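Take a first look at the sequence and the fold below. The report after them picks out features to find in the view.

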Amino acid sequence: MFCNQCEQTANCSGCITSPGICGKDQDVQSLQETLLYGLKGMAAYANHARRLGMTDESVNAFIEEALFATMTNVNFDLESLFELVLECGKHNLRVMELLDEGHVRRYGEPSPATVQEGTQAGPGILITGHDLRDLEDLLRQCEGTDIKVYTHGEMLPAHMYPKLREHPNLAGHYGGAWQKQRREFDDFSGPIVATTNCILIPKDSYKDRVFTTRVTAVPGGKRLKDDDFTPVIETAKRCPPLPDHRTGSSVVGFHHNVILGMADTIVQAVKDGKISRFFVIGGCDGAEVGRNYFSDYARATPPDSFILTLGCGKYRIRNYDYGTLLGLPRLLDMGQCNNAYGAIKVAVGLAQAFQCGVNDLPLTLVVSWFEQKAVAVLLTLLYLGVKGVTIGPKPPAFITPNVFRILQEKYDLRLTGADAESDLRRVLSAA
């Protein structure tokens, strides 16, 4: 383990042996870090929800208690720490519910929509990240101008909300997942607004066009401390206009309310043998080797199955024609990583419709993880008792072999294998 949490650390530089000077071993350190990273992810969701007027005092109280539990010499007990980790998943479920409710209240009932991708001729602004409130404010302040606003990355699902997609200044979507932004932002001639995480340190060639909001900040960019987007709009007027370059279209908006609205049809189709399985494939995308596993897995799914996707992990699997099933696209885009609550809601709703447990459903979860919000979502799945989740492409470095073994024994948590098609065949043969 590595711990530099207190003054007692070995040689005042950090304990690298287990146990450390205080007696804490690597498994205790692992669970404390799991709790901390889960709290970070939950705090991000809670911050988005608060900006929409949605809060819950019990969540705030848990954050305080859980942080206290990670203090030096306060908890050396694996069992109680594991309970707190699962309780973090419980409270994260509530936070995601608040965020989902806040989005629907403010922006309308989501519905499927076709989004034009690329750019139109004229001045434009690109907005990336997760905060739909920032997008709302930017659109309102662009009213009456010829400036077009384009979503990027995790902002794509904004188009499923009628009060956003119907705004005359929202033109469409540009680009893909976060790790490609240095090339994509270079090619976009207008200003770029980064609202949350998933912003990379910008290149010199475009850093003077990067704006960030509130706590989000990068060297060379301009941080907006309030909701005034005037500097962004003025920059858009000065920048060279965008070309008319359309690159295609995509369909988004399969919110949990949309899918569960078809629950009776789905249940009957499963009973009639028209649907063999549901796959949730998504999460965080990234640049490292191994993430082709998720695209290989999605392409190998049988034609009588649905794929539910969310988060920027969708960009790993969306540029492929999976065909249709029951008159719907087989690939159903449910939204941002912030919409992970929707996948949970669908699973619980279908389990109720089938009068069974979630683990009895013809459902497989294959989740790419990258950062703290993905950790928070995983803890929620564990809190709900969901078993057989596959994560990857690499195991979290803060999970010790012993802690991972416990998760495998309790929840059948799995790592992605070397070959996606082989893993898929094992799932289908066990069904």
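What follows is a short tour, from the sheet to the backbone details.

## The model

This is a predicted model. Keep that in mind with each value below.

Look at strand 13 (residues 331–335). Strand 13 runs parallel to strand 10, and four bridges join the two. L310 stands opposite G335 in strand 13. Strand 13 is mostly covered, with five of its five residues buried.

## A helix under cover

Helix 10 spans residues 292–300. Which of its residues are buried? They are Y293, F294, S295, Y297 and A298.

Several elements cover these buried residues of helix 10.

## Salt bridges

How many salt bridges does a search of the whole structure find? The search finds 22.

One of them joins the side chains of R51 and D131, at 2.8 Å from N to O. R51 lies in the loop between helix 1 (26–50) and helix 2, while D131 lies in the loop between strand 2 (124–128) and helix 4 (132–142), so the pair ties together parts that are 80 residues apart in sequence. R51 is buried at 16% relative accessibility. D131 is buried too, at 3%.

The salt bridge between R140 and D137 sits within one helix. The closest N and O atoms are 3.2 Å apart. Why are R140 and D137 separated by about one helical turn? Because they are three residues apart in helix 4. R140 is partly exposed, with a relative accessible area of 42%. D137 is buried, with 2%.

R140 and D137 also belong to a network of salt bridges. R106, R133 and E136 are linked in that network with them.

## A pair at strand 13

D333 forms a salt bridge with K314, and the closest N and O atoms are 3.8 Å apart. D333 lies in strand 13 and K314 in the loop between strand 10 (305–310) and strand 11 (324–325), so the pair ties together parts that are 19 residues apart in sequence. D333 is buried, with a relative accessible area of 6%. K314 is buried as well, with 1%.

A disulfide is a covalent bond between the sulfur atoms of two cysteines. A search of the whole structure finds zero disulfides. C6 is in no disulfide. The nearest cysteine sulfur to C6 is that of C22, 6.0 Å away. C6 is partly exposed, at 24% relative accessibility.

C142 is buried, with a relative accessible area of 0%.

## A nonpolar patch

F68, M71 and V74 make a nonpolar surface patch of about 290 Å². Where is M71 found? M71 is in the loop between helix 2 (57–69) and helix 3 (78–107). M71 is partly exposed, with a relative accessible area of 47%.

## Backbone details

Two cis peptide bonds come next. The bond from S18 to P19 is cis, with omega near 5°. P19 is in the segment before helix 1. The bond from G392 to P393 is cis, with omega near 10°. P393 is in the loop between strand 15 and helix 13 (401–411).

Now turn to phi. C12 has a phi near 55°, a positive value in a residue other than glycine. C12 lies in the segment before helix 1. C12 is exposed, with a relative accessible area of 62%. L326 has a positive phi too, near 55°. L326 is placed in the loop between strand 11 and strand 12 (328–329). L326 is partly exposed, with a relative accessible area of 39%.

Conventions
Residues are numbered from 1 along each chain as its sequence is written. This is a predicted model: local features need pLDDT of at least 70, side-chain atom pairs count only at pLDDT 80 or more; totals for chains, interfaces and linings use all residues. Side-chain values use heavy atoms; hydrogens and water are left out. Patches are made of residues with over 30% relative accessible area and no salt bridge: like charges are joined within 9 Å, nonpolar side chains (Val, Leu, Ile, Met, Phe, Trp, Tyr) within 5 Å. Accessible areas come from the Shrake-Rupley method with a 1.4 Å probe; for residues, only the protein chains shown count as cover. A salt bridge is a side-chain nitrogen of Lys or Arg within 4 Å of a carboxyl oxygen of Asp or Glu. Buried means under 20% relative accessible area, exposed over 50%, partly exposed in between (1.4 Å probe, protein chains only). Contact means heavy atoms within 4.5 Å. A disulfide is a pair of cysteine sulfur atoms within 2.5 Å. Two strands pair if DSSP finds at least two bridges between them.
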